[in-house]
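User: I'd like to go through the side-chain contacts in this one. Can you take the questions as they come?

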Amino acid sequence: PWDIFISTNNTVYATSYLSGRAVVWNAGNSVPIRNIPGSWTNPQGLFVTTTDDIYISIYASSNRIDKWTWNSTSSTSIMYTCDPCYDLFVDHADNLYCSMMTAYQVVRKSLHSSPDALTIIAGTGISGSTSDTLNFPRGIFVDTDLDLYVADYNNHRVQLFRSGQLNAITVAGNTSINVTIALYYPTGIVLDADGYLFIVDRSNHRVVGSGPNGFRCVVGCSVGGGSAANQLNGPLSVAFDSDGNMFVIDNFNSRIQKFSLSTNSCSKCSRIGK
């Protein structure tokens, strides 16, 4: 498994890199309801819109993004790039984003424009570690203000590009202005409903997250990777369902792990004394 997306009705989508397909599950069910086979070599990035349009990036000589509608039996190629897209994102203004690792850039196009109308949103095309450069950008996330977060893989950091800005702020990693948490080859990022940032820290085999008291390890917090229920091995991406449960692509274990949200409760507490 490579990438994961969870829709607002908690339908789970994932790309299967080596088998050349995408798989779909209903909420709470481990039996797939749909396999989406395509003429693909190694599908990677995945995004599903609120209208159930499915976008998948293809790691192949064509370097394209295909679109599937929910009831379709074939796809339409809607975007071509000079380098494979590692990750995809569609913002609320119907702009499609693509992170190109070895082109060291993130590009964007409107879903209502021609396939060749691309705009460079981040990166100069040359690898680097300055505020305007990237080195193997991987996971991306765009918030409601159209600010772009990038997992800057080889720089071991997460960069925030404010809308319209080509210089970024490091929000996680050793080079952040206020040292947050050390990262080792981050790959996936997502903001939860409260605006907290969660990062797949791939080579540390864990997921870390921010909160009111800063960053902490959330899952996979044992030393080194593994295959136990509380471990990960080479995780790639993360997503949340509408109940706050976390789903992680556990790449080297060839599985998707669900971590259920636990909340504190005082329902069993009673008051004693005055």
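Analyst: A definition to begin with: a disulfide here is a pair of cysteine sulfur atoms within 2.5 Å. Also, this is a predicted model.

User: How many disulfides does a search of the whole structure find?

Analyst: The search finds 2 disulfides. One is formed by C85 and C98, with the sulfur atoms 2.0 Å apart. The torsion about the S-S bond of C85 and C98 is about -100°, so this disulfide is left-handed. The pair links distant parts of the chain, with C85 in strand β9 (residues 85-90) and C98 in strand β10 (residues 95-100), 13 residues apart.

User: C85, buried or exposed? And C98?

Analyst: C85 counts as buried, at 3% relative accessibility. C98 is buried too, with a relative accessible area of 0%.

User: What does a disulfide join C217 to?

Analyst: C217 is joined to C221, S to S 2.1 Å. The link of C217 and C221 is left-handed, with -105° about the S-S bond. C217 is partly exposed at 25% relative accessibility, and C221 is partly exposed with a relative accessible area of 46%.

User: What pattern do the disulfides of the chain follow?

Analyst: Counting bonded cysteines along the chain, the pattern is 1-2, 3-4.

User: Switching to rings. How many aromatic pairs are there?

Analyst: The count comes to 9 aromatic pairs. In one of them, the rings of Y153 and Y185 have their centres 4.8 Å apart and their planes at 40°, so the pair is tilted. Y153 and Y185 link distant parts of the chain, 32 residues apart. Y153 is in the loop between β14 (148-152) and β15 (157-161), while Y185 is in the loop between β16 (169-173) and β17 (186-191).

User: Why call that pair tilted?

Analyst: Planes under 30 degrees apart count as stacked and over 60 as edge-to-face, with the rest tilted. The planes of Y153 and Y185 are at 40°, so the tilted label applies.

User: Y153, buried or exposed? What about Y185?

Analyst: Y153 is buried, with a relative accessible area of 14%. Y185 is partly exposed, at 24%.

User: What does Y153 touch, not counting residues up to four places away in sequence?

Analyst: Y153 touches N135, F136, R138, Y185, P186, T187 and R202. With R138 there is a polar contact, side chain to side chain, at 3.4 Å. The charged end of R138 also sits over the ring of Y153, 4.3 Å from the ring centre.

User: How far apart are Y153 and Y184?

Analyst: C-alpha to C-alpha, Y153 and Y184 are 7.9 Å apart in space and 31 residues apart in sequence.

User: Which ring does the charged end of R202 sit over?

Analyst: The charged end of R202 sits over the ring of F252, 4.7 Å from its centre.

User: Which residues do ring pairs link into a cluster?

Analyst: F5, F47, F89 and F141 form a cluster through ring pairs.

User: Last one, D250. Where is it found? Buried or exposed?

Analyst: D250 is in strand β22 (residues 246-250) and counts as buried, at 0% relative accessibility.

User: What does its side chain reach at 2.7 Å?

Analyst: The side chain of D250 reaches the backbone nitrogen of N233. Leaving aside neighbours within four places in sequence, D250 is in contact with Q231, L232, N233, P235, R255 and Q257.

Conventions:
Residues are numbered from 1 along each chain as its sequence is written. This is a predicted model: local features need pLDDT of at least 70, side-chain atom pairs count only at pLDDT 80 or more; totals for chains, interfaces and linings use all residues. Side-chain values use heavy atoms; hydrogens and water are left out. Rings of Phe, Tyr and Trp (its six-membered ring) pair if their centres lie within 6.5 Å; planes under 30 degrees apart count as stacked, over 60 as edge-to-face and the rest as tilted. Helices (H or I, at least four residues) and strands (E, at least two) are DSSP runs, numbered from the N terminus. Buried means under 20% relative accessible area, exposed over 50%, partly exposed in between (1.4 Å probe, protein chains only). A charge sits over a ring if NZ of Lys or CZ of Arg is within 6 Å of the ring centre and within 35 degrees of the ring normal. Contact means heavy atoms within 4.5 Å. A polar contact is a pair of N or O atoms within 3.5 Å; within protein, one must be able to donate a hydrogen and the other to accept it, and residues adjacent in sequence count only if both atoms are side-chain atoms.
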